[in-house]
Every structure is written in C-alpha cells, then in structure tokens.
Amino acid sequence: MLTLALAAAAGAAPTSQPLPAAMAEIDAGRFADATARIDEALARPGVDAESRDALEFQRERMRRMRLDFDLTEAEAKAQLRERIPDLRDEEFARWTASNQLEHLVIDGQPFYFSRSVSNLFRVSPEAVARRAAPFKPTEGPMESANAYHDEAVAQSRSSGDTSVAPRRVRVTQSISVNADAVPTGQTVRAWIPYPRSLRGQQEDIRFVSSVPDKHAIAPESTMQRTVYLEEAATKGKPTTFSITYELTIFGQHHRIDPAKVTALGDRPDLAPYLSERAPHIVFTDDLRAFSQRVVGDEKNPYRIAQKLFQAVDRIPWAGAREYSTITNISDYALHAGHADCGQQTLLLMALLRLNGIPSKWQSGMVYSDGSYDNLHDWGALYLAPYGWVPMDVTTGQFKDARDPDVEWFYLGGLDAYRIAFNDDYGTDFVPAKRHFRSETVDSQRGEVEWAGGNLYFDQWDYAFAAQVLPATR
C-alpha cells in the first residue's frame, strides 16, 4: 500500500540514494537519463517496498508531466497565432526565453504547457496589447469588492461577531469514470471530498443521499475528509458516483488593530505551524532573500503579514500544472512568474513561517448565487491576541475599496461562498488509498482507483453543483 505521505515524499524527499538524482534529472528535463537511473535502481537486489514505490512514482511523474506539457513548438505557435495573427518569431522566442510561455525542454525538445498560450495573456501586458481581440479574463464574483463584503463588514461592526452573513447551501458532487477504463466486473473505488464541521465557519452539515446508496463518511477528525463509495464497472458504460448534502457556511471578518498585535511568546502548540515542511515549505536561500526585500526592518507581525500578502498578491494568477509534478510548490511560485491559488498560498505560508508567524492550509470549492464554481485554496495565520484568522491571498487586496475593512477583507476574513474540504495538505484519506494519489497535495476533485492501480484525471471527470437555499427564520 502506498500512503499519501510516501507519495509526497516520492515527489521530493529522498528515500533511497538514486531518488534525489532521478528527481533532479526529471526537473531538468532529462527524462531518458532519469528513466535509466530508475530502471537501474529498481533492478538492484534488496530494494525495499518504500524505495521501490518512491522510484516508481518518479516514473509516473514524468508521464503526468508529458500530459501537462503536450504542445510542440509548432502547435503552441499555431495556438498563439489564432490570438495574434501577425505573431513574429522573435516575440515567440522572447516569451519562451522568459518562460512567460511556460515550457519544458524534455530530452532536448521544447514542449509547452497545455495552458501556456492562455496563461501568456495573464502574465504579459505586451502580449495582451498584441491581441487581435480584447482579452477578457474570467473571474469569480468574489474577486472584486461587492455587496456581500459590505454586508459582512456591516454585520461584524454592528454585532461584534466574527462569524457573519451566512448562507445555507445544498451541494451535489459527482465523479464519472470513463467507460471501459476499468475491466468489466472489477470494483471501482472512489473518494469524493466532503466538508468538516468547523465552528463559526461551516456548521449543521446534513448528508442527504449518495449514488450508490452504500457509502462511508470519513471521521470528522480527517483533515482531508471524503465520502468513500464503490461500484462494479459495466462494459461500455461510465461508472458514476455522487453525493448530496447541505450545510450552513458563515462569512468571517476579524477587525484587526495592528497596535494590539503582540509577539507569540512561548507557544509550543504552534510549533508545527512555524516549521519547514518539505517538500513544499522549505526556507531556501531565495525565499529568505525575497522575504528580506519585502519585510525590511518591520517588526509588527500584522504589518509583516500585510507586506508579505501584498507581495504574493502581485504575482499574476495563471492556470497551473498538476501539483503532483512539482518538486517544491512554494519555490515554484517564487520563480515561475505566475502562480495559482494553492501555489500562492503555500508561498505565503512559507514566508509567514519564516517570519515567525504561524500559518496553515485550507481548501475546497467556491460557488456563487449563479452557475460559477471553481477549485480554490486559501489559508489562515495566527496573530496574538486574535488567534487564527483566515487569509486568501489569491483574491487579495481590494485596492479600490473606500472602506479599509473591505480593502483588507481577505487578510483576516472570508466570504461564505466557499466550502472547505481540507484543513491540511498532503494527508491520507480514510479509508486509505492503495495506489498513488492523482493529487498528492490537495483534495477537491476526488480520487479513483481499482485493483489494477490509480485512475488519473484523464480517465474520469468530476462535477460540482451548489444551490443557495432561501434564508429561513
């Protein structure tokens, strides 16, 4: 059995001597050399099961990277010319050299990320100006200040409460495994994300139904909580799973006075939230240098957090490659020139911890009063004497807001249009998976496997639907 901890280690920490060398070769795009090294290591007598699994995961990582980086140079140019018909070769070369067109050179040949062309217009104003048609990025309804933020701030001010402006919502989540992805009659095992009960954030969770009816809900203590389901594969038909539930979600707003924020003092209980946690939170030399440039001589923990929040918020959002293919996500976010929500969150968490401010992870799905929904990651930081307060650096600072409480809403607050499935990253399911996870860090889409191995994201699809229910007295 391969635990999630081992899968994470297989993406970063050495469990046998050939592993770090193979990982470095993969990151450098030397897939043939890495494959030869893995094959040689696995052929040695006496390889223990843990080391074997870690090495095999590196082989799987290369396969996943090829799925993400699936465009040849000619295909990437053709896609870009659909947006910039008079594209010049020197422009393409320049955007490639700066990695604004994200790519990997694999065994000497460049391959471009499947979303590299669409991402280019999020990271390059020059490319936006060259488009034949205007660029209109898709954004969620909470990504700009709106009436909900005013509602939450007003309730917090009038009542003094930090849990405000709740919404009652009914959710249906489903997984559909491709027809014949699993041999007929074989049992397909599925895990669909499910919320934990969190006082003042999400409460009164009521499980409604599942397909199939038989299910197992992970214990409340499970940090990446799921509903587990099984179904036999039928020839020529997709294998489907779904769950429906209701819950009440509260917005949160903490009115933080920087003058009242104090040093932590002796708090051994917070030590796990202050330390490095390889592979994705590591205090590298580059991270230290970035922190020093941003923080300078500031000593107030809240002001430090504001500076770091602003600095990470300035990193452009762009669609991300699969997390399981990245050796160190916070380091990737620091250097890539763009980052998605989870990458930005892990970078901010690393920077906060480096500066003595405890931080932790949270993630799930965001939804709306309409049809919008999306995967999303955010976190929390600890400020004495306020305790744990939320942060969402990807939604970021509302610089145009007239009200400072709205401007800094997401450093100390959250909206109610999000469901948290995970209170940590890179932790095991209950029941545990037997094979590699498709997503070794997060858990929002779900996971699927059968006796023959894991089913990766190209073998199934997921769906999420949320309906805000009428307010009741």
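The second largest pocket of this predicted model holds about 480 Å³ of space. A pocket here is an open set of points on a 1 Å grid over the protein atoms alone, where a 1.4 Å probe fits, with protein on both sides within 12 Å along at least five of seven lines; lining residues have an atom within 4 Å of a point. The volume is the space filled by probe spheres set on the points, joined across faces, edges and corners. Of its 27 lining residues, Gln201, Lys360, Gln362, Ala380 and Trp388 are closest to the centre. Helix H13 (341–354) and strands E9 (359–366), E10 (374–383) and E11 (387–391) each give two or more residues to this lining. Helices (H or I, at least four residues) and strands (E, at least two) are DSSP runs, numbered from the N terminus.

Four strands form an open, antiparallel sheet in the order E11-E10-E9-E13, where pairing requires at least two DSSP bridges between two strands. E11 and E13 (418–422) stand at the edges with a single partner strand each, so one side of each has no neighbour in the sheet. E9 and E13 pair over four bridges, and Val366 has Arg418 in E13 as its bridge partner. H13 lies across E9, E10 and E11, at about 165° to E9; angles run from 0 to 180 degrees between N-to-C directions, with axes fitted to C-alpha atoms, for helices over the stretch in contact. Contact means heavy atoms within 4.5 Å.

A note on conventions. Residues are numbered from 1 along each chain as its sequence is written, and side-chain values use heavy atoms, without hydrogens and water. Local features need pLDDT of at least 70 and side-chain atom pairs 80 or more, whereas totals for chains, interfaces and linings use all residues.
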